[in-house]
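The paragraphs below walk through selected side-chain contacts in one protein model. Please keep the sequence and the structure open while reading.

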Amino acid sequence: MAMISKSFITAEDMQVLVDEALHMVGEFMEVDKIIIAGLTKEEGLLARRFGWFNERSGVSLGEKGNFLLQPGNPFYECFIVKELPYVACDNILSMPEFEILRKFGAKAFIMAPIYVADSFWGMIVVDDCLNIRKWERADIDIVLLISTVISELFKRDTFETELKEAKEQAERSNHAKSDFLARMSHEMRTPMNAIIGMTAIAKASDSMERKDYCLARIESASNHLLGVINDVLDISKIEANKFELSFTDFNLERMLIKATNVINPRAEEKRQRLLITVDKDVPEAIVSDDQRLAQVITNLLSNAVKFTPEEGEITLNISKLEEENEICTLQFIVSDNGIGIEPEFQQRLFNSFEQGDGGVSRRFGGTGLGLAITKNIVEMMGGTIWVESSPGEGASFCFSIRALRGENVHKLLQVNSRKWQNVRIMAVDDDKDVLDHFQTIAQSLNVQCALAISGQEACRLIQENPAFDIIFVDWKMPGINGIELTKLIKDDFGEQTVVIMISSAEWTQMEREARAAGVDSFIPKPLFPSIIAECISESLGILQIDSEQANKDIDINGLFNGKRILLAEDIEINREIVIELLTPTGVSIDCAVDGREAYEMFKANPQVYQAIFMDIHMPEVDGYTSTRLIRALEDPYAQAIPIIAMTANVFREDIEACINAGMNSHIGKPLDRNDIIERLRQFW
């Protein structure tokens, strides 16, 4: 027993240690065979892991056999149900329940369980294959000892394996984070270099056109930098378990329009085709987090644009998988014909700080956080996300979410489609998929629609039947392009025909020439039913502007004439930004450079102010303290005046801290004029 125990106190390979121990035990006990069987991945199945046999006995281990460990089986009853420390049999004929061991040549045996980390791992079986045998207590003790020693060995091996895997994972994580920091440095320095460089160029230039160009590039670089910062903030919230969703009832199509408006310019730069289809059984409105869902879609579409070559194709399809009690399972599939993804990299895509491989980040950029954030959002929405891809054949990112059917439906689609039965329209585009999509939309709107694959085909159809009320014309087509076709329509078939230009390019690129040719209006690609419906209604003079659009287009000039606000902000440039953003509204602004000055200014003349914008981090007295001081004043107006926090701290606990300090609302930096005006309109 001492020799067996001592033999395991080495750093030898486990296979060698066990083989030597079994050989030692077998020779000492003068038995014919020893087998160690362990559980496999298949539930309840035991398979031989180690074995020894006495060559002098003329026996062998034979082929590997399996024992099934399940209720009713003798091994299960002995070791799982009764938890016996061992089973010893002098003559197998006297224990018919162990008949299975006869096929392995046993006539007498001792069997003992092996436990690893308090769980049944397997068992050791010592056989005498030639004779029945009266087992002594010493024989049983040796078998129990070897089972205990082997249990400790397996436990040690498991621990060492887990430790090795943990070490390798830690090294991979450190390497990934090192790569991430390097990428982050690149991702942040690149737009900063553009901002600084373009600022210097604009300052040195006397040309207003050149200055405008520089400002446009600065804006683009700033938005990119803000996106990088937002990714870092999101992943920080996820790792701190502070990431939350905000559910609202929203129109799915309007959310898609906002998301694609971000993607369209990038796709147009690479002359890519972007097509979005929504199955007819998908709810028009759902209850979910529209901003986070838009973030997921925008991220996947952005990746598709990034990894798809010029003139490539990108599609987004939305379908309903099932619905129960008005809870829908929706599936979104973003597909492209880009570079594809190697199989070994696909599982790593959704890990933080990682991309497909190092070459991807060098060629295409990116922080490696987008898909990790996307996965977290999707799972919080009750869904899953996966990728299907082959190298060189593009990729399809698929995800599902669960959402309650909403009520935020598009009134225009419901009401006015009944008035369009006699309206005849035509769609002209050289892309057959776009025409098919347009036809589907027209059918859903109950509108008669003809299709033309070219300008020549459109002219032929108009000659045959010129009574088209509205013609939708693609801008760029081979042969007769959209501008030329519009001239032909207006000159030859009457100016009363309404021509709508459609294109994924910006309207500003074609507006002057299009207006001169007679184009009446413009809608962007990809096409959506609500946009086409609004365009038809506007052309027929029955357009109903919804409240969302009305708010969007509100005139802010003089909106807050006669109002005065107190701005507490210690950084001069931030004060200048607020003043410039709100100057068109006519509001008067008094500035305080810290919380104490803000408190003193309000205390001296409280009735003059209708709102307070309060920065949080200021010297001497911060925004929290200043707010508490104002709320503690005896003047009742101090309790009523709206105090709005302005801070770069946008985590939920930061917003809660503002509310707990006595503030009414919160605006995150960088500041957006629409956000500021929206907050003020809530209180005025």
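The model is a predicted one.

Side chains of opposite charge can pair when their charged atoms come close. The structure holds 23 salt bridges. In one of them, Glu27 pairs with Arg56, and the closest N and O atoms are 3.0 Å apart. Glu27 belongs to helix H2 (residues 14–29) and Arg56 to the loop between strand S2 (45–53) and strand S3 (66–68), so this bridge ties together parts that are 29 residues apart in sequence. Glu27 is partly exposed, at 31% relative accessibility, whereas Arg56 is exposed, at 67%.

Another bridge joins Lys155 to Glu152, with 3.4 Å between the closest N and O atoms. Here both residues lie in helix H4 (residues 137–204), 3 residues apart, which is about one turn of the helix. Lys155 is partly exposed, with a relative accessibility of 36%, and Glu152 is partly exposed at 42%.

Arg273 and Glu313 also meet in a salt bridge, at 3.1 Å from N to O. Because Arg273 lies in strand S8 (residues 273–278) and Glu313 in strand S10 (residues 313–324), the pair ties together parts 40 residues apart in sequence. Arg273 has a relative accessible area of 16%; the limit for buried is under 20%, so Arg273 counts as buried. Glu313, at 38%, is partly exposed. Salt bridges with shared partners join Arg273, Glu313, Asp431 and Asp433 into one network.

Next come the rings. The count is 10 aromatic pairs. Tyr115 and Phe120 form an edge-to-face pair, 6.0 Å centre to centre with 80 degrees between the planes. Tyr115 is partly exposed at 32%, while Phe120 is buried at 14%. Trp507 and Phe522 have ring centres 5.0 Å apart and planes at 20 degrees, so this pair is stacked. Trp507 sits in the loop between strand S17 (498–503) and helix H15 (511–517), and Phe522, 15 residues away, in strand S18 (residues 521–524). Both Trp507 and Phe522 are buried. Elsewhere, Phe50, Trp121 and Phe154 form one aromatic cluster, and the charged end of Arg424 sits over the ring of Phe468, 4.2 Å from its centre.

The last stop is helix H19 (residues 595–604), where Gly595, Ala598, Tyr599 and Phe602 are buried. Viewed down the axis of H19, these buried residues fall within an arc of 100 degrees, so they line one face of the helix. Their cover includes strands S19 (564–568), S20 (588–592) and S21 (611–615), and helices H20 (623–631) and H21 (637–640). At the start of H19, a side-chain oxygen of Asp594 comes to within 3.0 Å of the backbone nitrogen of Arg596.

How values were computed
Residues are numbered from 1 along each chain as its sequence is written. This is a predicted model: local features need pLDDT of at least 70, side-chain atom pairs count only at pLDDT 80 or more; totals for chains, interfaces and linings use all residues. Side-chain values use heavy atoms; hydrogens and water are left out. Buried means under 20% relative accessible area, exposed over 50%, partly exposed in between (1.4 Å probe, protein chains only). Helices (H or I, at least four residues) and strands (E, at least two) are DSSP runs, numbered from the N terminus. The arc is that of the directions from the helix axis to the C-beta atoms. Contact means heavy atoms within 4.5 Å. A polar contact is a pair of N or O atoms within 3.5 Å; within protein, one must be able to donate a hydrogen and the other to accept it, and residues adjacent in sequence count only if both atoms are side-chain atoms. Rings of Phe, Tyr and Trp (its six-membered ring) pair if their centres lie within 6.5 Å; planes under 30 degrees apart count as stacked, over 60 as edge-to-face and the rest as tilted. A charge sits over a ring if NZ of Lys or CZ of Arg is within 6 Å of the ring centre and within 35 degrees of the ring normal. A salt bridge is a side-chain nitrogen of Lys or Arg within 4 Å of a carboxyl oxygen of Asp or Glu.
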